Every structure is written in C-alpha cells, then in structure tokens.
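Please walk me through this model in the viewer, starting at the ligand. Tell me what to select at each stop and what is found there.

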Amino acid sequence: MPELISEEPATGAILWRGRAGDVDAEVATARAGWAGWAARPLAFRVETLRRFANVVRQRHEAFADLIARETGKPLWEARSEVDSVVAKVDISVTAYADRTAQRRLDSPMGSRMALRHKPHGVLAVLGPYNFPAHLPNGHIVPALLAGNAVVFKPSEKTLATGAFLVECFHAAGVPEACVRLLIGGPAEGKALASHRGIDGLLFTGSSRTGLALNRLFADRPEKILALEMGGNNPIVVWDTPDLHTAAVLVIQSAFTSAGQRCTAARRLIVQERLADPLIEAMDAVMRRLIVGEPHADPAPFMGPVIDNETAELLTESFLALMMGGGRPIRHLERPVEGRPFLLPAMIDVTDMAERPDVELFGPILQITRREDFDDAIEEANATRYGLSASLVSQTPALYDRFWANVRAGIVNWNRPTNGASSKAPFGGVGWSGNHRPGAYYAADYCAFPVVSNEADAARASIGIGLREA
Ligand SMILES: NC(=O)c1ccc[n+]([C@@H]2O[C@H](COP(=O)([O-])OP(=O)(O)OC[C@H]3O[C@@H](n4cnc5c(N)ncnc54)[C@H](O)[C@@H]3O)[C@@H](O)[C@H]2O)c1
Ligand SMILES: O=CCC[C@H](NC(=O)CCC(=O)O)C(=O)O
C-alpha cells in the first residue's frame, strides 16, 4: 500500500504519515457491524452521539490546533470549525425527529397507517480538505443517528484531521466497526465509491469529482448518492450608500478561509456608478488584511491555501484571466518563497470577451460592472453552478427581484455569501449539487421512508366485480 503524508501548508512540516487503507477490509468490517448498530434503540444512538460531542468538547483545543496546522486556516477559524462539529449532534437529533421520525397517518377504517424510516446500511463518506472535520462530520453524524454504518475517507490533504475525528467517535463508544477510517486519495475514493458493499455515497468536494461520481452511480439507482459540490458564486452590489460596509461584506465573502469555501464569492457584479469608489474602499481594507501562519499573533485574517500545487494553479488561472482581457487591480502575489501564501487579488473582467465559468478555489475576486440591474442578475446567473448568491442593496424591491430570479440554493441580502447555518438545509443547484441538500436536510438522505398499513387481525372482502356464488 502506498504511503501518504500530510504537510502543514504554512511551514511544510510533515504532520502525519501512513499507509493507504484496504477498501475491501473496511467495507467488510462496516457491513459486519452495521446491523447491530441499526438494531439499537434511537435513544441509545442519540446518547452515544452526545458522548461524541462531549469528547470533542474535551479535546477542543487539540482538535482546533490540528485543523489549523493541517489546513493553514487561522486558529480562531479552526476553533469555530470544532464548534460546528460539536453543534452538529444536537442539530442532527432535532432534524431527525423533524424529518424522519415515526408518525401515524390518517388511514382507512379499521386499519392504521404508520410512517417509519430505515437506514440504508453502509454509507461511504468522502470529505474535502477545506473543512476537514465539520463537513464530513455533517454526513457522518446524521448517518449514524439514522442507524447506518460509515466508511469515511478524508481528503488526502487532511488525513490527520480525519483520523482525529474518527478516534473521537470511537472514544465516545460508537462501535469501531460502525465508523471506519479509510486512509487514501482519489484512487481509494474511486475504489470505495465503486464498491459493491456500500449502500450509498455521501460526497462533499469539487464538481469535477462529483460529476464523475454521478456518472458512476447513473446505473445504480439502488444506492443513495448525495453530492455537495462547488460554486462560482456572485455577490451583487447595487444602490447601497455605505460603501465601506459593502466593501467589508465583499471581502468577507471572497477571502475568508483564503477563498477556500464552496460559498465564497468568486464574482463581484457592481453597479457601474459604484464600481470605482467600491473598489477603492475594498483596496483600503485589503491593504490591511493580515495574511499569516495559523498561530501568528496578531491573528491573521487568512492563512495560506492548502498547498503549493494549488497556489501555482491559482496563479496560472489569474494570469490566464489577464491574458484574456482582465485588468488586474490587486495582483495574486506570493509573499513567501516556497510556501502557498497568497495575497487576496482582484481583477476587473468586464471587458473580457468570455469569462470562464470555473471555480477558482482561492483568494481571487473577479469584478464585472453593469449599468442595469436585470443585466446584473443575468450576469449572476451566467454559470452552471448555483450554490450561493448575495445582494448588497438598500432597496427591498431589488432584493425581491434578486431572490426571485437568481438561481442558487442560498440567496442572501446584505450578508456575506458564506457562513451558512447548520440549522438550515445546505445545498445548491446546477453543478453545485444533485438536489440532496445537506446540513439540516442531511436526515433525508440518511434514511428511506417505510409506510405501513396495519390491522391487528386479517379481515377482507371483495365488494365489487365478483359473480354470484
Ligand atoms: N457544497 C459543499 O458543501 C462543499 C463544501 C466544501 C467544499 N466543497 C467543494 O470541494 C472542493 C474542494 O475540496 P477538494 O479539493 O478536497 O475536493 P475533491 O473533489 O478534490 O476531493 C474531495 C474528496 O473526493 C476524493 N476524490 C477525488 N477524486 C475522486 C474520484 N475520482 N473518485 C472518488 N473520490 C475522489 C478526494 O480524495 C477527497 O476525499 C471545492 O470545489 C469546493 O467548492 C463543497
Ligand atoms: O466550504 C463550504 C461551506 C462552508 C460553510 N457552510 C456550512 O457550514 C453549511 C452548514 C453545514 O454544512 O452544517 C459556509 O457556508 O461558509
């Protein structure tokens, strides 16, 4: 089995090393453990997962430190991610009761109709690197709560965090057979996704990978597939009087997590008359943003991107936008030789003959100027993605038009494009998802409905269509 290592983006230090896992063995173990877990009362599973939340609380600072080191995100942001991991349990318990609890339904005379839900069985979970604990956890907790077993493969870029998360489940008493850690990269991910022993796949990652998985599952309707994918998210600034606040909202949307959020604003669409003063206001703030190591003091606003390869790809993408007619306003500078720190960049792409519809998963903001609001909405929709969109405007009627016409699963007003709540469904349309939103609605894809028409004794008669005896 090949060896994998995980490095700290900020320093290059090796954080973790290990061998790729055995997909067959992990799936077989989960299959063997699943039935016993599913047979446990719901109350037992709830209690066990609440112990998991307590274990994470007890290990909060160690977990946050590890996430910060392994992703490069600032420690304050890693701490927030661990908070989300803890909060997920109670939210999932509420969502389960709301979305998939047992119910009595109206029924014909003399019988009872019952709605119950059953787990799928063994679910594979593939996680991304940007929220290496919170987002896989957002699949694993609801899946376990519903009575499934899980084989979890973390991103190959955040293996230590994946291992830490799974250990917390085991320390809390989740049977080791029911949450399996599969170490590996895309090859192991493909093998797991293709494995005949899984009953479904819960995926968070790029649209490139998600579309490949969608093709793989095209002739497997018997397996549940949930895809949480990328975005090419717009933020529209229109008729707002407070350009400093608008600038802060755009910066928060585009550059939090060094732009490594699926909900990050990739495109600023701005009313022509506001464009120059807004860009000036943004520039004034961006000059002051601290880009640094996760544990630096004073704390950085953002850290490096995940690795040098990503930094180089983003640099090439930025140069390609320039070659295509984009006018750089702030260059994507790389202040530390050999390390993937990038300074947040802006480029005016208004005059580009063709603006590529790709997700640049880093601190790059593309700016398009528009005179007409309907044209701005059209530009916002000029994408195959549809995850998040924001409007900054003082006019409720404009927000009504924006909400009604923009095509996205998250549509915000005078708020950033990112920072979605776990207490709501989370997902997008187009290339951002496959209509199985996660977060509060994750309960929906972790179990299937079973309707029963029940009577204590068998009674039946044929009242029509029967010849006289
Ligand atoms: N919609 C959401 O909820 C959400 C949240 C976070 C990140 N994302 C997206 O994830 C991406 C960043 O994460 P990433 O770079 O880790 O994504 P990625 O698609 O490269 O990898 C995600 C996971 O899939 C595995 N994988 C890669 N190729 C595979 C294949 N062919 N078959 C099976 N498994 C495979 C990886 O090993 C990893 O575990 C961005 O596009 C971002 O928008 C989406
Ligand atoms: O990187 C992707 C989105 C991260 C975050 N979204 C959520 O946390 C959704 C809620 C959940 O899954 O519990 C964001 O919007 O910033």
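Select ligand 1 and the residues around it: in this predicted model, 28 residues surround the ligand. Lys153, Glu156, Ser206, Met229 and Glu359 are the closest. Sorted by class, this shell holds 12 nonpolar, 10 polar and 6 charged residues.

Start at glutamate 359, where an N or O atom of the side chain is 2.5 Å from an oxygen atom of ligand 1. Move to methionine 229; here a backbone N or O atom lies 2.7 Å from a nitrogen atom of the ligand. At tyrosine 129, a backbone N or O atom lies 3.3 Å from an oxygen atom of ligand 1.

On its own, ligand 1 has 840 Å² of accessible area, and the protein covers 93% of that. Color the secondary structure to see which elements give two or more residues to the shell: α7 (186-194), β8 (200-204) and α8 (207-216).

Then color by domain. Ligand 1 lies between domain 1 (3-229 + 433-454) and domain 2 (233-413), because both give residues to its shell.

For the last stop, select serine 207, which is in helix α8. Is serine 207 buried or exposed? Its relative accessible area is 2%, so serine 207 counts as buried, the cut-off being under 20%. The side chain of serine 207 reaches the backbone oxygen of tryptophan 431 at 2.7 Å. Leaving aside residues up to four places away in sequence, serine 207 touches Met229, Gly230, Tyr385 and Trp431. Met229 is also one of the residues closest to ligand 1.

Note on methods: Residues are numbered from 1 along each chain as its sequence is written. Chains are lettered from A and ligands numbered from 1 in the order in which they are written. This is a predicted model: local features need pLDDT of at least 70, side-chain atom pairs count only at pLDDT 80 or more; totals for chains, interfaces and linings use all residues. Side-chain values use heavy atoms; hydrogens and water are left out. A residue is near a molecule or strand if one of its heavy atoms lies within 4 Å of it. A polar contact is a pair of N or O atoms within 3.5 Å; within protein, one must be able to donate a hydrogen and the other to accept it, and residues adjacent in sequence count only if both atoms are side-chain atoms. Accessible areas come from the Shrake-Rupley method with a 1.4 Å probe; for residues, only the protein chains shown count as cover. Helices (H or I, at least four residues) and strands (E, at least two) are DSSP runs, numbered from the N terminus. Ala, Val, Leu, Ile, Met, Phe, Trp, Tyr, Cys and Pro count as nonpolar, Asp, Glu, Lys and Arg as charged, and the others, Gly among them, as polar. Domain bounds come from an automatic or database domain assignment. Buried means under 20% relative accessible area, exposed over 50%, partly exposed in between (1.4 Å probe, protein chains only). Contact means heavy atoms within 4.5 Å.
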